[in-house]
Amino acid sequence: MIRAVIHSQALRANLQRLREVAPDSRIMAVVKANAYGHGLVPVALALADADAFAVARIEEAVALRAAGVRRPVVLLEGVFTGDQLEEAARLELDLVVHQPDQLQLLADLRSTHRFVVWLKIDTGMNRLGFRVEQFAVALQRLQALSERVREIRVLTHLARADEPADPMNSLQVQRFSALVQGLGLPLSIANSAALLANPQAHADWVRPGLALYGVSPLPGRTAAQLGLVPAMTLETRVISLRQVPAGETVGYGATWRAARDSQVAIIAAGYGDGLPWGLPLGTRLLVGGQALPLVGRVSMDMLAVDVTDSQQSVSVGTPVQLWGPQLPVEQMAASAGTLPYELLCGISQRVPLILG
Ligand SMILES: *Cc1c(COP(=O)(O)O)cnc(C)c1O
């Protein structure tokens with residue numbers, strides 16, 4: 001009943017749009033977390049023109065190679081064991097190196113493969129990366145490993161790219177530029193938000209994730225304003241309709257009480273599909289194309305919508321859009337007090353992904 005339709009054309013259009021925004025940069029398409037819930041392999045195949053793909057876990061890279069993806073694949077967190085490094089060599093993956101033990105793993109590598117290595121610098125995020133004062137030593141150690149390293153590139157990650165006016169952005173970019181100035185190494189700074197809002201951060205490679213899926217990374221700017229097209233429609237159907245007399249309640253906890261005689265549609269979607277349990281009363285869903293309010297609590301397999309004010313007749317089988325081109329996922333995220341990232345990544349395994 002519930003399904004996520006993935007629009008390959010939208011993915012390709014978004015990639016093209018991002019190329020126009022950052023025409024001098026190469027694009028590393030971020031497809032971690034099952035391509036933000038859109039399906040790792042189908043997304044990578046749809047985005048075959050990307051200059052590289054980036055994933056968080058080596059299992060994701062294995063799946064890309066198994067599917068025949070020959071483009072560069074970057075492990076954003078690098079590897080953590082010698083076995084992983086041997087596997088990365090076999091699969092010709094590119095590595096992020098962000099801490100000293102990863103340099104040691106490279107030094108201990110048995111295979112003769114020479115990696116492309118992205119040296120990660122922490123310019124203020126304090127998550128992963130060599131601190132600014134450790135950079136020179138890390139770079140020297142990497143340069144000394146030339147039998148294991150074919151090319152060195154440098155990246156950093158911005159903590160507040162979605163707040164482009166915040167001075168932390170220019171501070172991080174300045175720290176990074178000062179560090180790498182004159183080295184002639186390929187550089188990367190920007191995620192989706194920086195790509196779209198901060199041309200100073202474009203550098204040689206941009207690393208968009210969210211924007212590729214047609215979702216705005218910038219609060220206050222819609223995807224449409226940014227020229228992006230939603231790549232997923234999460235859709236389901238009405239499975240039952242009932243008349244709820246004034247004064248009666250709907251659902252667990254009886255959190256919603258009908259103020260008038262109401263018609264309520266029961267819809268096949270719940271937290272078992274990855275929707276937030278805490279979605280507030282009044283959150284809008286598109287029932288038969290019309291935005292109508294959630295009533296009662298989201299349960300595991302169902303939720304309820306008040307369709308009393310619907311202009312069209314609603315019946316069993318009427319299509320429901322939970323998010324998609326007509327109802328941006330950003331809206332449900334705002335209503336639920338979370339991020340579109342979390343909603344997309346949270347879609348559960350039982351929801352089939354359909355190429356559309
Ligand atoms: C996830 C990630 C990205 C992509 O971020 P978006 O906000 O989805 O564009 C870029 N770079 C790194 C290091 C990441 O971990």
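## A buried tryptophan pair

In this predicted model, W118 is buried, and so is W205, where buried stands for a relative accessible area under 20%, exposed for over 50%, and partly exposed for values in between, computed with a 1.4 Å probe and the protein chains only. Aromatic pairs are taken among the rings of Phe, Tyr and Trp (the six-membered ring for Trp) whose centres lie within 6.5 Å, with planes under 30 degrees apart counted as stacked, over 60 as edge-to-face and the rest as tilted. By this rule the count comes to 3 aromatic pairs. The rings of W118 and W205 have centres 5.9 Å apart and planes at 90°, so this pair is edge-to-face. The pair links distant parts of the chain, with W118 in strand β6 and W205 in strand β10 (residues 205–206), 87 residues apart. Elsewhere, Y36, Y213 and Y341 form one aromatic cluster.

## Basis of the model and overall build

Residues are numbered from 1 along each chain as its sequence is written, and side-chain values use heavy atoms, with hydrogens and water left out. Because this is a predicted model, local features need pLDDT of at least 70 and side-chain atom pairs count only at pLDDT 80 or more, whereas totals for chains, interfaces and linings use all residues.

The protein holds 11 helices and 19 strands, these being DSSP runs numbered from the N terminus (H or I with at least four residues for helices, E with at least two for strands). Its C-alpha trace spans about 75 × 40 × 35 Å along the principal axes, and buried residues make up 53% of the 356 residues. Of the contacts (heavy atoms within 4.5 Å) with a separation of 6 or more, 62% are accounted for by residues 24 or more positions apart. The accessible surface, from the Shrake-Rupley method with a 1.4 Å probe and, for residues, only the protein chains shown as cover, comes to about 15700 Å², of which 50% belongs to carbon and sulfur atoms.

## Helix α1

Helix α1 (residues 8–21) has 14 residues and reaches 20 Å from its first C-alpha to its last, close to the 20 Å expected at 1.5 Å a residue, where the expected span is 1.5 Å times one less than the number of residues. Within α1, the residues S8, A10, L11, N14, L15 and L18 are buried. Seen down the axis of α1, these buried residues fall within an arc of 160°, so they line one face of the helix, the arc being that of the directions from the helix axis to the C-beta atoms. The cover over the buried residues of α1 includes β1 (3–6), β2 (26–30), α3 (40–46), α9 (192–197) and β19 (353–355).

A salt bridge, meaning a side-chain nitrogen of Lys or Arg within 4 Å of a carboxyl oxygen of Asp or Glu, joins the side chains of R17 and E20 (3.7 Å, N to O). Being 3 residues apart in helix α1, R17 and E20 are separated by about one helical turn, and R17, at 28% relative accessibility, counts as partly exposed.

## Helix α5

In helix α5 (residues 82–90) the buried residues are L85, E86, A88 and A89. Seen down the axis of α5, they fall within an arc of 160°, so they line one face of the helix. The face turned away from this buried side carries the exposed residues D83 and R90. The buried residues of α5 pack against α4 (58–66), β4 (73–75), β5 (94–97), α6 (100–107) and β6 (115–122). Helix α5 is followed by E92, whose phi is positive, near 55°.

The structure holds 14 salt bridges, and R160, E163 and D166 are linked in a network of them. E133 forms a salt bridge with R131, with the closest N and O atoms 2.9 Å apart; E133 is exposed at a relative accessible area of 57%, whereas R131 is partly exposed at 40%.

D301 forms a salt bridge with R350, the closest N and O atoms again lying 2.9 Å apart. D301 lies in the loop between β16 and β17 and R350 in the loop between α11 (340–345) and β19, so the pair ties together parts that are 49 residues apart in sequence. D301 is partly exposed, with a relative accessible area of 36%, and R350 is partly exposed at 44%. S299 also lies in the loop between β16 (290–295) and β17 (303–306), but S299 is buried, with a relative accessible area of 15%. Not counting residues up to four places away in sequence, S299 touches Y252, G270 and Y271.
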